[in-house]
Amino acid sequence: MTESVYHPGTAEIAARRKQLAPGIHDAFEGFSRAVFADGALPEKTKQLIAVAAAHVTQCPYCIQGHTRLALRSGNSPEEIMEAIWVAAELRAGGAYAHSTLALHAMQAMHARSPDGGPG
(Lines give C-alpha, C1' and ligand atoms only; values in the text may rest on other atoms or scores of the structure.)
Protein backbone atom coordinates (compact mmCIF):
# COMPACT_ATOMS: atom_id res chain seq x y z
CA MET A 1 0.00 0.00 0.00
CA THR A 2 1.60 3.26 -1.12
CA GLU A 3 -1.18 5.67 -0.14
CA SER A 4 -0.17 8.11 2.57
CA VAL A 5 -2.32 9.27 5.47
CA TYR A 6 -1.17 12.78 4.56
CA HIS A 7 -2.66 13.97 1.30
CA PRO A 8 -0.42 16.20 -0.78
CA GLY A 9 -1.06 19.91 -0.60
CA THR A 10 -2.41 21.28 -3.86
CA ALA A 11 -3.44 24.64 -5.27
CA GLU A 12 -7.04 23.41 -5.15
CA ILE A 13 -6.80 22.60 -1.44
CA ALA A 14 -5.26 26.01 -0.74
CA ALA A 15 -8.01 27.75 -2.70
CA ARG A 16 -10.73 25.78 -0.88
CA ARG A 17 -9.21 26.61 2.51
CA LYS A 18 -9.28 30.31 1.61
CA GLN A 19 -12.80 30.08 0.12
CA LEU A 20 -14.22 28.58 3.32
CA ALA A 21 -12.76 31.24 5.63
CA PRO A 22 -11.20 34.06 3.59
CA GLY A 23 -10.77 36.59 6.40
CA ILE A 24 -9.15 34.13 8.75
CA HIS A 25 -7.01 32.76 5.93
CA ASP A 26 -5.74 36.23 5.02
CA ALA A 27 -5.10 37.07 8.69
CA PHE A 28 -3.11 33.86 9.12
CA GLU A 29 -1.02 34.60 6.04
CA GLY A 30 -0.33 38.10 7.34
CA PHE A 31 0.61 36.69 10.74
CA SER A 32 2.96 34.21 9.10
CA ARG A 33 4.66 36.93 7.04
CA ALA A 34 5.11 39.03 10.18
CA VAL A 35 6.49 36.13 12.21
CA PHE A 36 9.10 35.18 9.63
CA ALA A 37 10.15 38.72 8.70
CA ASP A 38 13.59 39.85 9.78
CA GLY A 39 13.44 41.35 13.26
CA ALA A 40 15.48 40.74 16.38
CA LEU A 41 16.09 37.35 14.75
CA PRO A 42 16.85 37.09 11.05
CA GLU A 43 14.57 34.97 8.84
CA LYS A 44 17.39 32.44 8.47
CA THR A 45 17.36 31.75 12.21
CA LYS A 46 13.56 31.73 12.38
CA GLN A 47 13.43 29.07 9.68
CA LEU A 48 15.83 26.86 11.67
CA ILE A 49 13.55 27.28 14.69
CA ALA A 50 10.58 26.36 12.49
CA VAL A 51 12.30 23.20 11.24
CA ALA A 52 13.05 22.15 14.82
CA ALA A 53 9.53 22.95 16.01
CA ALA A 54 8.03 21.10 13.05
CA HIS A 55 9.92 17.98 14.08
CA VAL A 56 8.70 18.27 17.67
CA THR A 57 5.08 18.77 16.53
CA GLN A 58 5.65 16.08 13.89
CA CYS A 59 3.82 17.97 11.15
CA PRO A 60 4.99 16.52 7.82
CA TYR A 61 3.72 19.54 5.90
CA CYS A 62 5.67 21.91 8.16
CA ILE A 63 8.79 19.73 8.05
CA GLN A 64 8.85 19.76 4.26
CA GLY A 65 7.87 23.38 3.83
CA HIS A 66 10.17 24.87 6.45
CA THR A 67 13.10 22.69 5.40
CA ARG A 68 12.78 24.13 1.89
CA LEU A 69 12.39 27.65 3.29
CA ALA A 70 15.40 27.13 5.58
CA LEU A 71 17.51 26.18 2.57
CA ARG A 72 16.21 29.18 0.58
CA SER A 73 17.02 31.43 3.57
CA GLY A 74 20.66 30.40 3.36
CA ASN A 75 20.86 27.57 5.89
CA SER A 76 23.12 24.65 5.05
CA PRO A 77 21.99 21.03 5.28
CA GLU A 78 24.34 20.70 8.25
CA GLU A 79 22.67 23.60 10.09
CA ILE A 80 19.24 22.12 9.41
CA MET A 81 20.28 18.68 10.68
CA GLU A 82 21.75 20.21 13.84
CA ALA A 83 18.45 22.03 14.44
CA ILE A 84 16.65 18.70 14.06
CA TRP A 85 19.02 17.14 16.60
CA VAL A 86 18.26 19.98 19.02
CA ALA A 87 14.56 19.19 18.61
CA ALA A 88 15.22 15.48 19.17
CA GLU A 89 17.16 16.20 22.36
CA LEU A 90 14.40 18.42 23.71
CA ARG A 91 11.73 15.87 22.87
CA ALA A 92 13.70 13.15 24.66
CA GLY A 93 14.58 15.55 27.44
CA GLY A 94 10.89 16.23 27.99
CA ALA A 95 10.30 12.58 28.78
CA TYR A 96 13.33 12.55 31.06
CA ALA A 97 12.25 15.72 32.88
CA HIS A 98 8.65 14.57 33.24
CA SER A 99 9.85 11.39 34.96
CA THR A 100 9.84 13.69 38.00
CA LEU A 101 6.04 13.33 38.01
CA ALA A 102 6.26 9.54 38.05
CA LEU A 103 8.94 9.57 40.74
CA HIS A 104 6.82 11.82 42.97
CA ALA A 105 3.75 9.61 42.38
CA MET A 106 5.74 6.50 43.31
CA GLN A 107 7.14 8.21 46.39
CA ALA A 108 3.65 9.30 47.47
CA MET A 109 2.25 5.80 47.01
CA HIS A 110 5.17 4.31 48.91
CA ALA A 111 4.67 6.76 51.79
CA ARG A 112 0.97 5.86 52.09
CA SER A 113 1.53 2.12 52.15
CA PRO A 114 2.12 0.72 55.66
CA ASP A 115 4.47 -2.01 54.40
CA GLY A 116 6.31 0.22 51.94
CA GLY A 117 4.93 -1.67 48.97
CA PRO A 118 2.42 -0.63 46.33
CA GLY A 119 -0.50 0.77 48.08
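# Asking how the helices pack

Me: How do you know how helix 3 and helix 4 are placed relative to each other?
Reply: Happy to start there: the axes of helix 3 (residues 43-57) and helix 4 (residues 60-72) come within 9 Å and cross at roughly 160°. Axes here are lines fitted to C-alpha atoms, for helices over the stretch in contact, and angles run from 0 to 180 degrees between N-to-C directions. Helices are DSSP runs of H or I with at least four residues, numbered from the N terminus. This is a predicted model, in which local features need pLDDT of at least 70 and side-chain atom pairs count only at pLDDT 80 or more, while totals for chains, interfaces and linings use all residues. Residues are numbered from 1 along each chain as its sequence is written, and side-chain values use heavy atoms, with hydrogens and water left out.

Me: Why is the pair of helix 3 and helix 4 called roughly antiparallel?
Reply: Angles under 35 degrees count as roughly parallel, over 145 as roughly antiparallel, 65 to 115 as roughly perpendicular and the rest as oblique. The crossing angle is roughly 160°, and therefore helix 3 and helix 4 are roughly antiparallel. Helix 3 also passes helix 4 in a left-handed crossing, a name used if the near helix is turned anticlockwise from the far one by less than a right angle, with right-handed used if clockwise.

Me: What makes the contact between helix 3 and helix 4?
Reply: From helix 3 come Q47, A50, V51, A54 and H55, and they meet C62, I63, H66, T67, L69 and A70 of helix 4. Contact means heavy atoms within 4.5 Å. These residues divide into 7 nonpolar, 4 polar and no charged. In this scheme Ala, Val, Leu, Ile, Met, Phe, Trp, Tyr, Cys and Pro count as nonpolar, Asp, Glu, Lys and Arg as charged, and the others, Gly among them, as polar.

Me: And what makes up the contact of helix 2 with helix 3?
Reply: Helix 2 (residues 22-36) packs against helix 3 at an angle of about 115°, with the axes 9 Å apart. Helix 2 brings A34, V35 and F36, and helix 3 brings E43, K46, Q47 and A50. By class there are 4 nonpolar, 1 polar and 2 charged residues.

Me: Which residues join helix 1 to helix 2?
Reply: A14, R17, K18, Q19 and L20 of helix 1 meet P22, H25 and D26 of helix 2. This contact has 3 nonpolar, 2 polar and 3 charged residues. Helix 1 (residues 11-20) and helix 2 pack at about 115°, with their axes 5 Å apart.

Me: How do you know which class V56, Q64 and R72 each belong to?
Reply: V56 of helix 3 is partly exposed because its relative accessible area is 33%. Q64 of helix 4 is at 47%, so Q64 counts as partly exposed too. R72, also in helix 4, has 66% and is therefore exposed. Not counting residues up to four places away in sequence, V56 touches A87 and R91.

Me: What makes the phi of Q58 worth a look?
Reply: Most residues other than glycine have a negative phi. Q58 is not a glycine, yet has a positive phi of about 60°. Q58 lies in the loop between helix 3 and helix 4.

Methods:
Helices (H or I, at least four residues) and strands (E, at least two) are DSSP runs, numbered from the N terminus. Buried means under 20% relative accessible area, exposed over 50%, partly exposed in between (1.4 Å probe, protein chains only).
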